[in-house]
Amino acid sequence: MNIVTRIWGTLISRPPFYVMAIFLLFMLLVPFLTDDLYLIGVLVLANVYAIFASSWDILSGYSGKENFGHTLFIGAGAYGAAYLNLYLGVPPMLNLLLCGLIGAVFGVLIGIPCLPLVGPYLALATMAAASIAERLTMILSKYTGGEEGLYGLDPITDGPVGDYYLSLILVIITTIILMAIGYSKQGLILRSIKEDETASEAAGINTTRYKLVAFAISAFFAGMGGAFYAHYQMYTGPSSLSIIMAVTIIIVCMIGGMGTIVGPVLAAYMLTVSNEFLRSIGDLRLLVYTGLLVVIVLFLPRGVFTVILERLPRFGQKSRGV
Amino acid sequence: MTKDGLEIRAVTKTFEGLTALSDVTFSLEDGKIMGIIGPNGAGKTTLFNVISGFLRADQGQMVYHGKDISSLKPHQVVDLGMARTFQIVRPFKSMSVFENTIVAALSPRSRRSRPKGVKSDETAMNVLGRVALDHKRDEPVSNLPMGDLRRLEIARALATYPQFILLDEPFSGLSLKEMDALAGLIRNLLDEKCTILIIEHKLKILMSLAPRILVLDYGKVLADGTPAEIADNESVIRAYLGRRGHAGVDTTN
């Protein structure tokens with residue numbers, strides 16, 4: 001298989017890939033180490049956030065086009081899964097793929113009008129798009145269930161451990177593909193767009209096309225994650241489109257280190273789990289949690305894991321290029 | 001009308017009432033080099049931005065090899081074989097010298113133009129060799145001095161296999177030795193039938209390279225001729241060199 005060897009060839013010399021591989025292999029063992037279903041549930045949520053954050057990162061972390069409405073693609077996947085499952089009886093597994101495609105379609109539809117926008121205008125436009133979608137779920141409550149959302153989706157596996165493994169496998173697939181893209185020549189072009197889009201155009205690159213493809217890929221995995229989440233909860237509602245979630249995803253990526261894929265994934269676990277454990281201190285939780293975020297942003301503005309990842313030596317000097 | 005070279009016809013560009021280019025007309029044959037001079041704000045860089053697709057002209061027409069390029073996007077202009085460098089260098093700061101160059105080697109024009117079997121890595125190394133930056137391939141560009149950054153700009157342009165290069169003050173910030181090396185590179189490009197349009201304030205070196213000079217002032221073409229003609233042109237002396245300024249211009253070498 002040509003594509004598999006190519007992906008492997010791209011990843012094999014990259015230390016961050018090994019960091020990711022070791023971490024995810026360890027995560028495969030978690031159900032053998034604990035039978036605490038509450039913890040497993042928290043980790044399923046972390047898996048879902050890892051998918052959301054890494055898919056945000058391939059567009060925004062790499063190309064610098066900060067998308068403040070990633071939840072639009074997540075919501076498209078979640079509501080798409082609900083309709084396809086409830087009305088057409090599409091099985092959950094197939095929905096993961098179909099809703100990824102629905103997300104990608106939304107990515108292109110949003111990408112085309114938004115891409116000429118720069119800086120805060122892009123952020124505002126994408127945020128507005130997600131807000132409009134959230135609002136529409138209320139206005140069209142006859143079809144969307146309004147605030148109540150849509151209930152009764154088929155469960156995707158037969159239990160919490162099954163959900164955990166499926167979501168972890170989705171994380172593994174997502175991160176392998178996104179890291180391979182990130183380290184590929186296409187990833188390098190996305191980084192050049194982030195650094196200086198004008199110079200990238202002057203180098204003969206059709207930057208619009210690359211950004212649009214990045215939008216579609218990012219939205220695909222967001223839609224897939226949204227579909228999983230909907231089936232996992234057997235429910236979807238307007239919260240899947242909320243701006244708070246969109247901003248949380250951006251915070252996860254900032255803390256982890258934008259444009260690294262590994263960083264946002266590790267940060268998704270770190271923040272989800274610490275957020276849960278801080279519940280034990282009651283009302284102080286939010287204070288400690290946000291205080292922690294402020295400290296990290298102040299002292300490690302490029303992300304907690306970036307500092308570590310950049311110090312890892314590269315294997316094999318031969319393929320030092322790209 | 002010839003199908004060769006570049007033809008600029010009556011190009012006008014205004015910014016909110018300020019005329020940056022006014023009725024600029026000239027043509028340049030393939031394989032030739034022309035210098036552009038003019039006081040600051042004369043519209044030289046605006047002219048480059050209009051030709052390379054970064055700005056849209058209000059009026060006028062630009063034809064390259066018989067094709068109207070007036071409404072093309074920058075990457076489409078590169079695709080036709082016209083590459084440019086920037087007066088203020090624009091490296092991809094977080095990337096290495098090699099990575100900077102390979103972005104251009106990944107452009108459709110570069111992929112199409114290089115010999116079969118040659119990879120983008122090889123194209124990038126090749127052009128880095130031409131500008132004598134190959135020994136710094138893995139250095140982050142944030143470490144590079146100005147001379148290297150200027151050469152990196154040119155390497156990135158060369159990696160797109162251009163037939164026409166627009167150089168915007170390539171000699172500024174270079175040491176004497178670096179200037180000699182760059183002049184040598186420009187002569188090599190001319191030997192390879194590359195067409196060159198070059199903005200430069202360093203008149204001595206410009207006049208040694210370009211047998212033809214275009215003078216812009218307030219967006220208008222003030223003069224178009226050989227260095228000797230330019231240096232003797234009354235209005236040029238007044239507008240650009242100052243009343244007695246031409247005494248300082250050495251056109252002999």
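Trainee: Which residue in the turn of the β9(B)–β10(B) hairpin has a positive phi, and how many residues lie between the two strands?

Mentor: Tyr218(B) does, with a phi of about 50°, and 2 residues lie between the strands. Before we go on, this is a predicted model: local features need pLDDT of at least 70, side-chain atom pairs count only at pLDDT 80 or more, and totals for chains, interfaces and linings use all residues. Residues are numbered from 1 along each chain as its sequence is written, while chains are lettered from A and ligands numbered from 1 in the order in which they are written.

Trainee: Why are α3(A) and α12(A) called roughly perpendicular?

Mentor: Axes are lines fitted to C-alpha atoms, for helices over the stretch in contact, and angles run from 0 to 180 degrees between N-to-C directions. Angles under 35 degrees count as roughly parallel, over 145 as roughly antiparallel, 65 to 115 as roughly perpendicular, and the rest as oblique. Helices α3(A) (residues 37–63) and α12(A) (residues 243–256) come within 9 Å and cross at roughly 75°, and therefore they are roughly perpendicular. Residues making the contact include Ala53(A) and Trp56(A) of α3(A) and Ile249(A) and Cys253(A) of α12(A).

Trainee: Which residues have the most contacts inside the largest nonpolar core?

Mentor: Ala53(A) and Ala268(A) do, in a core of 165 residues. Such a core is a set of buried Ala, Val, Leu, Ile, Met, Phe, Trp, Tyr and Cys residues joined through C-beta atoms within 7 Å. Helix α11(A) gives the most to this core, with 14 residues.

Trainee: Why is Arg84(B) called buried?

Mentor: A residue is buried if 20 or more other C-beta atoms, placed from the backbone, lie within 10 Å of its own, exposed if 12 or fewer, and partly exposed in between. Arg84(B) has 25 such atoms, so it is buried. This residue lies in strand β6(B). Among the residues that Arg84(B) touches are Ala202(A), Phe48(B) and Asp168(B); touching, or contact, means C-beta atoms within 7 Å, placed from the backbone.

Trainee: How do you know whether Ile261(A) is buried or exposed?

Mentor: Ile261(A) has 33 other C-beta atoms within 10 Å, so it is buried. It lies in the loop between α12 and α13 of chain A, and its phi is near 60°, a positive value in a residue other than glycine.

Trainee: What is the phi of Tyr161(B)?

Mentor: It is about 50°, positive although Tyr161(B) is not a glycine. Most residues other than glycine have a negative phi. Tyr161(B) lies in the loop between α6 and β7 of chain B and, with 21 other C-beta atoms within 10 Å, is buried.

Definitions and conventions: Helices (H or I, at least four residues) and strands (E, at least two) are DSSP runs, numbered from the N terminus. Two residues are in contact if their C-beta atoms, placed from the backbone, lie within 7 Å. Two strands pair if DSSP finds at least two bridges between them. Lists of a residue's contacts leave out its neighbours within four places in sequence.
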